[in-house]
Amino acid sequence: MHRNPIERFGDTGLYALQDLGRMAIYLAKAIRGLFRRPFRFREVLRQIQFIGAGSLTVIICTAASTGMVLGLQGYYSLHKFGAEGMLGSAVSLTLIMELGPVLTALMVAGRAGSAMCAELGIMRISEQIDALDCMAIDPFRYLISPKFLAALLSVPLLTVIFDVVGIGGGYVAGVTLMGVNPGSYIEGMRSSVTNHDIQLGVIKSFVFGLLVVWICTGRGYFVKEIRGAGFGAESVGRATTQAVVLSSITVLVFDYLLTAVLL
Amino acid sequence: MSTAIEFKNVIKAFPKRGGGVQTVLDQVSFSIPAGKTTVIAGGSGQGKSVTLKLILGLMRADGGQIIVQGNDVTTIDGRALEELRTRFGVLFQGSALFDSLTVYENVALPLRERTKKGEKEIQDQVMSTLARLDLTGHENKYPAQLSGGMKKRVGLARALQLKPEIMLFDEPTTGLDPVMTQDIYHLFAETQAQEGFSSIIVSHDIPKVFNLADQVIILHEGKMDVFSSPEEIQWSAKEHIREFVLTTMGEIYQSHLVER
């Protein structure tokens, strides 16, 4: 049936509102599931292993490369003003407050978020989630809440690792390769990074972890409700793409909002 | 005869893409007797699976009442619904086994999650069910390593663990060969005789489930017709029923009637 642009706009708006409401209820149920017994400690550990330990390689590689690039770029920029001594400060603040939380969340979304979305999507289309409901087993407590808890614990820890490795990468590029004084690199970092900066980074990583796990698992759980996603394997593929894109954009938007509010 | 499930003027409609609604169940009323087998039949998109989901509370009706053992599923709260669901066993079309769990773990899951039984007791019960369904020796296999028929049997074993009072079978023989189909239906009948549950079977395989059915419900364009015997269906004056008989049952149905 042909519809005019206003009708289509209204229809899309209604769908977006409906989707947001659905996702809000989903989040509430996932948080409630964290407190429902019996707790699934083993599953939480398994998810920490998957989301946290499994993402270590990609986090370390990204952090080292980002830190080294920051070290080199920072050196060339600061060198023009004879301020190479500020390199440690520039690299550490950029990583702790900004790049560490954001890039960690994006890496987790790409590696673990996509896998969680696909897993839940397949479980949905093959009626495994319905089977849990029919056995009176809460799918949130059994499947989803352990992923939430694991992500909320893993992402901040991965961010800390990202920051440490990134600062190390900056040291290698700035001090070892470009000849910046090691003492000024460390001292610049020590004198400029405050507790407030570290808190901002931790709060961001916690919020980003929540956003990634919420959006990625939610897209998988509601794979049948996603408009235009199609059916079967195709719908899982599209839901997974949507989960990664949507969670990445949301992380970037929230990065600005949190910085504006908390800085 | 007591009633296991009762539909009273149930309405269920879905929005159509591009506007409007499609009414799948339009003021449908029927009863499912306790301890008996009811077959729900009908063409694709006529609301058979929706009926099962409404019974289980996986979907909410837009109107009417669905009374399951005295509880109205349309108004029940979450906790009470969860409790009610422990009285159901469901065998899904694709078996819905958990891919990451072995056969043993799949069957033990409802016992581990919904009862306070110890691991030894769970092991005894699971192994006894697996033996009864001819699955001994397969307990450490994963669903991907099983044939379609074996998956159905594992699904049935899992559904039986909480001693259900009502069993729901959603297209239980889809994708199985005729011999396996016959075996599965034989297994259902045998299990029902042992456990005494009420059965609801959603199936296209009308000729094969006739031997099991105490009642047949045919859904068509939001309405339903209830029959107590195959002969009653054959002699129905309604055009859509006659068409259904011809298209879905055909010669097999005719030969089945001759045998009877």
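I began with B:Ser95, which sits in the loop between strand E6 (88–91) and helix H3 (103–114) of chain B. The model I am reading is predicted. I checked the backbone angle there. Phi of B:Ser95 is positive, about 75°, although the residue is not a glycine. Is B:Ser95 buried or exposed? I counted 25 other C-beta atoms within 10 Å, so B:Ser95 is buried. The cut-off for buried is 20 or more.

Next I went to B:Asn9. I found this residue in strand E1 (residues 3–15) of chain B. Its phi is also positive, near 50°, and B:Asn9 is not a glycine either. I looked at its surroundings too. B:Asn9 has 13 other C-beta atoms within 10 Å, so it counts as partly exposed.

Then I turned to chain A. Which residues does a cis peptide bond join? I noted A:Arg37 and A:Pro38, with omega about -5°. I placed A:Pro38 in the loop between helix H1 (5–33) and helix H2 (41–51) of chain A.

Last, I looked at where the chains touch. How many residues does each chain give to the contact? I wrote down 16 from chain B and 11 from chain A. On the chain B side, helix H2 (78–85), E6 and H3 each supply at least two residues. H3(B) gives the largest share, 3 residues. I sorted the chain B side that touches chain A by type: 8 nonpolar, 4 polar and 4 charged.

Methods
Residues numbered from 1 in each chain as written. Chains lettered and ligands numbered in written order. Predicted model: local features only at pLDDT ≥ 70, side-chain atom pairs only at ≥ 80, totals over all residues. Helix = DSSP H or I, 4+ residues; strand = E, 2+ residues; numbered from the N terminus. Buried ≥ 20, exposed ≤ 12 C-beta atoms within 10 Å, placed from the backbone. Contact = placed C-beta atoms within 7 Å. Nonpolar A, V, L, I, M, F, W, Y, C, P; charged D, E, K, R; others polar.
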